[in-house]
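Let's walk through this fold one piece at a time. Keep the model open beside you and follow along.

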Amino acid sequence: MAAVRSAVRAVLTGHDLLGQRVMVACSGGADSLALAVAAQFVVPRHGGTACAAIIDHQLQQGSDDVAQAAAGHCAALGIDLVNVIAVRVPTTASGVEDGARQARYAALSDAAVALGAQAVLVGHTRNDQAEQVLLGLARGSGARSLAGMPSVRPLRGDGRVLLVRPFLDIGRDVTEQVCLEAHLDVWSDPHNNDARFSRVRARKLLGQMEADLGPGVTHALARSADLLRVDADTLDQLSDAAYVDMGPMPWPVEGLLVHPTGIRTRLLRAMAIAGGADAGSLSSVHLRSLDDLVLRWHGQGPVDLPGPVRAHREDDRIWLRSSIPS
């Protein structure tokens with residue numbers, strides 16, 4: 001109990017959120033209920049108020065009952081403003097998990113603004129962080145993806161609401177123990193055992209790795225994410241400064257060549273997104289093709305990017321144009 005309270009207090013203090021209204025996203029599972037327990041203890045003691053939102057994804061039979069039970073737990077803990085929000089999960093190319101995430105965060109963002117909350121707290125733990133890194137390794141992702149989830153990031157593009165993860169240094173076993181101590185009836189999501197979902201398979205694999213290699217794999221993966229995040233943040237800061245120096249397009253090839261690969265590929269990615277490419281669909285294959293226009297150009301044609309956008313090289317300059325005929 002002391003560990004989860006300390007984690008909430010530390011992250012709120014570090015981001016000037018003590019004394020503010022914060023929202024707890026609660027599913028009724030052990031992690032989010034432990035978060036509600038800790039937040040309701042810490043927040044009012046520092047002059048703030050805690051509210052809660054329960055998102056009903058409507059993906060399982062009886063999901064409304066689960067949501068109402070979670071709301072009841074939050075109310076019983078003393079959280080006096082609890083919203084249950086039903087959402088419609090969109091169909092996405094990345095599957096149900098991605099669609100549910102999009103719908104959930106959009107609803108949480110809207111609810112936070114409506115209630116005047118400065119931040120939304122979610123219960124991702126060290127275990128979730130390790131699973132995220134493992135999935136990134138399996139997909140061959142770059143440093144930013146392997147850096148895992150940050151403890152704090154903007155939830156909205158305008159920066160009005162922060163998404164806060166206080167438990168990234170706390171294991172799932174701790175949140176489960178908190179719920180036992182608080183005598184809370186924890187909901188176990190059937191989707192957590194459904195092997196159709198990549199995260200479930202990663203969780204199972206992580207358990208096997210712990211059994212075969214010994215305890216500590218989860219800690220090591222989460223620690224690797226912390227180290228990679230520092231490196232990725234540094235490279236992003238350098239590339240952001242370089243992006244400003246490059247000025248408007250077209251970009252001179254000579255200006256790109258002075259940067260090492262780690263900065264140059266970030267510049268090309270930023271250029272593509274600014275030109276209308278879809279950030280979620282922009283892959284390492286696209287970035288390699290863009291870099292070939294800089295390093296290995298021998299008159300080849302344009303690079304098609306998701307968006308739809310095309311990148312061209314003409315003499316010593318790189319251009320982006322729409323691939324839709326005018």
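Helices here (H or I, at least four residues) and strands (E, at least two) are DSSP runs, numbered from the N terminus. A word on the source: this is a predicted model, where local features need pLDDT of at least 70, side-chain atom pairs count only at pLDDT 80 or more, and totals for chains, interfaces and linings use all residues. Residues are numbered from 1 along each chain as its sequence is written, and side-chain values use heavy atoms, with hydrogens and water left out.

Now back up along H4 itself. Its 20 residues (96-115) should span 28 Å at 1.5 Å a residue, and the end C-alpha atoms are 28 Å apart, which agrees; the expected span is 1.5 Å times one less than the number of residues. Among the buried residues of H4 are Asp98, Tyr105, Leu108 and Leu115, where buried means under 20% relative accessible area, exposed over 50%, and partly exposed in between (1.4 Å probe, protein chains only). The buried residues of H4 pack against strands including E1, E2 and E3, with contact meaning heavy atoms within 4.5 Å.

Two of those strands are worth a look together. E2 (49-56) and E3 (82-86) pair in the parallel sense over five bridges; pairing takes at least two DSSP bridges between the strands. To get from E2 to E3, the chain passes through helix H3 (63-76), and this β-α-β crossover is right-handed: with the strands pointing away from the viewer, the path from the first strand over the helix to the second runs clockwise. Within the pair, Ile55 stands opposite Ile85 in E3.

Next stop, H7. Arg172, Thr175, Val178 and Cys179 are buried in this helix. Seen down the axis of H7, its buried residues fall within an arc of 120°, so they line one face; the arc is that of the directions from the helix axis to the C-beta atoms. Asp173 and Leu180 are exposed on the other side of H7. The cover over its buried residues includes helices H1, H2, H5 and H8.

Most residues other than glycine have a negative phi, and most peptide bonds are trans. Finally, the peptide bond from Met249 to Pro250 is cis, with omega near 5°, and Pro250 lies in the loop between helix H9 and strand E7.
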